[in-house]
Amino acid sequence: MKKSKTNPSAVEINKFYKNMTKDGVKLSFVANREYTLAKDKYTATTHDDYLALSLAVRDRIVERWILTQQRYHNENAKRVYYFSLEFLIGRLLGTNTLNLGLFDETKQAMEDMGLDLEELRECESDAGLGNGGLGRLAACFLDSMATMGIPAHGYGIRYEYGIFNQKIVNGCQVEYPDEWLRLGNPWEFPRPEYTVKVRFNGRVNMTRDEKGRLKAQWIDTDDVLAMPYDIPIVGYRNNVVNTLRLWSARSSEDFDLSYFNDGDYERAVYDKVLTENITKVLYPNDNVSQGRELRLKQEYLFTAASLADIMRRFKMENSDLSKFPDKAAIQLNDTHPAISIPELMRKLIDEEGLEWDEAWDITVRVFGYTNHTIMPEALECWPVSLLEKLLPRHLQIIYEINMRFLEEVAIKFPGDNDRLRRMSLIEEGENKKVRMGNLCVVGSHSVNGVSELHSELLKTRLFRDFYEFSPEKFNNKTNGICQRRWLQKANPRESDLITGAIGDGWVTDLYQLKKLAPYKDDASFRQKWQRAKLENKINLAEYISKTTGVRINTDSLFDVQIKRLHEYKRQLLLGFYVISQYLKIKSDPKSAALPRTFIFSGKAAPGYAMAKLIIKFINSLAVVINKDRSIGDKMKVVFLENYRVSLAEKIFPASDLSEQISTAGTEASGTGCMKFMVNGALTIGTHDGANIEIAEEVGEENIFLFGLRANQIQQIRSAGYDPRDYIRRSPLLDEVFELIRSNFFSQTEFGLFDPIVNNLMNTDYFLICADFDDYCRRQDTVSKAYLDKTSWTKKSIINVSKSGKFSSDRAIGQYAKEIWNVPVSSKQPRA
């Protein structure tokens, strides 16, 4: 057949889709603006220009994406599947241009066209598909897997509304919907051809086959369609593009025609609306039964659809199911995807006809489980009655898993009925529950914590019985962060300074930052380091002034605590320290040798009343202190609303002091501490999570540790902790309480903060009173250290030079070698 003259030549296609030059980007930008968006330079809005540029960048991703997936298919490679209910991926335009090696060309192209790349990047919505560290870790891990050439897929949910937008109104958090998809998402590709049917409710019919074997049929179900949307995950300058597949719920029928014909139009679409609510909102409030049911539906929908997708892909290239663990490694990011264990068993037994023992062997070999908490109350437990209603076949399988497992435990520990009770997957009582954490441990071949302390506490406290039963399962994988996002992209001033000194090898091997250490003794380099930090602080100060109206002193120490609001993270401890310093300055204005700016940011769960009261408390401190003319620039307090990835990228580079002050033994790892560290901030922190490992890397002279340790806290609680004993022994702490009780910070709302005072004076579960004096003493050390600019700058450089361990590339390398058994790129980070 003769070729049409209108068919584009390879050269013409190359101009649009492959050309990695400035002119290529410009050509593609104009083409997308005109032919995809139907706009020109006169009618295009700034958001249109952002979309056109994103599509131009996306064009250069697609070919690499297709070639990567073809290679995985042709090699029949073992693939890693990362199951997470959260992926806090943030904005992608900057990340994708950097990883493609196209950032400078893109910036120049936009400048040539009279456009500002930074202004266009600000048009992008943060994809807030997560609540905090769990989702951000998952996003960093996807970046690392692509950069290290690991065949990997992320699986999660395409929430129509991500984590809520936070407004501070009269000092209080008010939640607004996050309509991140309102103007479209240029990075996603709908894949309706891979839609999966997911079943709920119904009943189980037990029959026998022709060989007399018992067979289960799950019938009379309510069906939901899970439709996938794919987002490409670009590796750093290696032509590898992996996939994040997010599921969206769709009704199996658009509307009921019988109701429609009868004129009941609202009822006609009722089932459709109810079905599609499943993936409407990130993490529904589970304080009520409807919320709990919806959350379980979310968890099952995405795991069932993902497993069906994985099995489909496996069968394209393989026929022997016994080889499934050789071709698939599934990592469960916390307990949320736990239901995937009985779901895989159901598929292998009921749909594929395998016997129990073979199916169980495959299941355990496929799954790995990452735990992210040591607090038992944080592990999900689902009511048996709810599972019986929503997933009746899965409940049967869980009971069978439990029975067989407890038989093994009883053989190893005969007569130990208490142990059997503790290790059971079922929590007995008036309202029976399924312990999903226990299910994850039993159904996985690997169980890892996310810091050395956390992993040890899993073995000695939370899962002690399981560790004694099968110690070979347990291991540690300390969390990490993606330096390409959190240093190269977020902090170009420091990034360029580092690269100018030691080269750019650190971008894919963070251990190379060790080469930076000798520069601490270079006076010229220290001066450049200080200048970069100051310019970052000036940028943040301008943002703070614009968004809050508060003008801050950029020569002050930026003392920062930015993280999810929770009592165990102890924002109140820093708040109490702020009050103590306010009292000192009021008593003796000359005592403030070092000006400080205290910067808070973070969201509280909508149903968490105490956390929301703490936000009000911090904002009330800010109002009083910032308006006190006698304080002036000596102290400022700001709470930045709507904490998100793009805001974090402004704060980390400008920070001087990182507040990592959770109660020892409560923070599994924490990754914020690592982001501060790689951006040159020093840490004040407890002996908790990754703080301990940071101290091991930098030396205790370059970090400010304080407070009780996890074992001491356990002893104090066991002996009967009374916070009033500590208040009586601390005149300063007592004065802080007196000022709060006098309604000094709530003069128009008497008694507003009584719940905080009463909680701390009578219970203080997280030991703020016990740690307060030591914390204040350590803060005095911080002030003295900061006044010596040369010494502080040296400590800052040392912290950055020792941050190599805390790369997500290192973490993923360990997962790949020790859990997933997959090869990694030759550029794997090395210690």
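This is a predicted model: local features need pLDDT of at least 70, side-chain atom pairs count only at pLDDT 80 or more; totals for chains, interfaces and linings use all residues.
**A parallel sheet and a buried arginine**

Strands β20 (residues 557–562) and β23 (residues 657–660) pair in the parallel sense, over two bridges. Look along β20 for Asp-559. Opposite Asp-559 stands Leu-657 in β23.

Now widen the view. What order do the strands of the open sheet follow? Six strands form the sheet, and they run β22-β21-β20-β23-β24-β25. The pairing is parallel. Strands β22 (635–640) and β25 (704–705) stand at the edges. Each of these two has a single partner strand, so one side of each is left without a neighbour in the sheet.

A helix belongs in this picture too. Helix α25 covers residues 609–627. Helix α25 lies across β21 (596–601) and β22. Against β22, helix α25 runs at about 145°.

Next, go back to β20 and follow the chain onward. A loop leads from β20 to helix α24 (571–587), and Arg-570 is in that loop. Is Arg-570 buried or exposed? Its relative accessible area is 0%. Buried means under 20%, so Arg-570 counts as buried.

Which residues does Arg-570 touch, once its neighbours within four places in sequence are left aside? Gln-561 is one of the contacts. Ile-661, Ser-662 and Thr-663 are also in contact with Arg-570.

Step back to the whole protein. The model has 35 helices and 25 strands. Its radius of gyration is 28 Å, close to the 28 Å that the globule rule gives for 831 residues, so the protein is as compact as a globular protein of that length. The C-alpha atoms fill a box of roughly 90 × 80 × 65 Å along the principal axes.

The protein exposes about 33,900 Å². Carbon and sulfur atoms supply 48% of that area. Among contacts with a separation of 6 or more, 76% join residues 24 or more positions apart.

Last comes confidence. The average pLDDT of the protein is 93, and 94% of the residues score at least 70. Where does pLDDT stay under 50? That happens over residues 1–8. For this stretch, the model has two contacts beyond four places in sequence.

Key: Residues are numbered from 1 along each chain as its sequence is written. Side-chain values use heavy atoms; hydrogens and water are left out. Two strands pair if DSSP finds at least two bridges between them. Helices (H or I, at least four residues) and strands (E, at least two) are DSSP runs, numbered from the N terminus. Contact means heavy atoms within 4.5 Å. Axes are lines fitted to C-alpha atoms, for helices over the stretch in contact, and angles run from 0 to 180 degrees between N-to-C directions. pLDDT is the predictor's confidence in each residue, from 0 to 100. Buried means under 20% relative accessible area, exposed over 50%, partly exposed in between (1.4 Å probe, protein chains only). The radius of gyration is taken over C-alpha atoms; the globule rule is 2.2 Å times the number of residues to the power 0.38. Accessible areas come from the Shrake-Rupley method with a 1.4 Å probe; for residues, only the protein chains shown count as cover.
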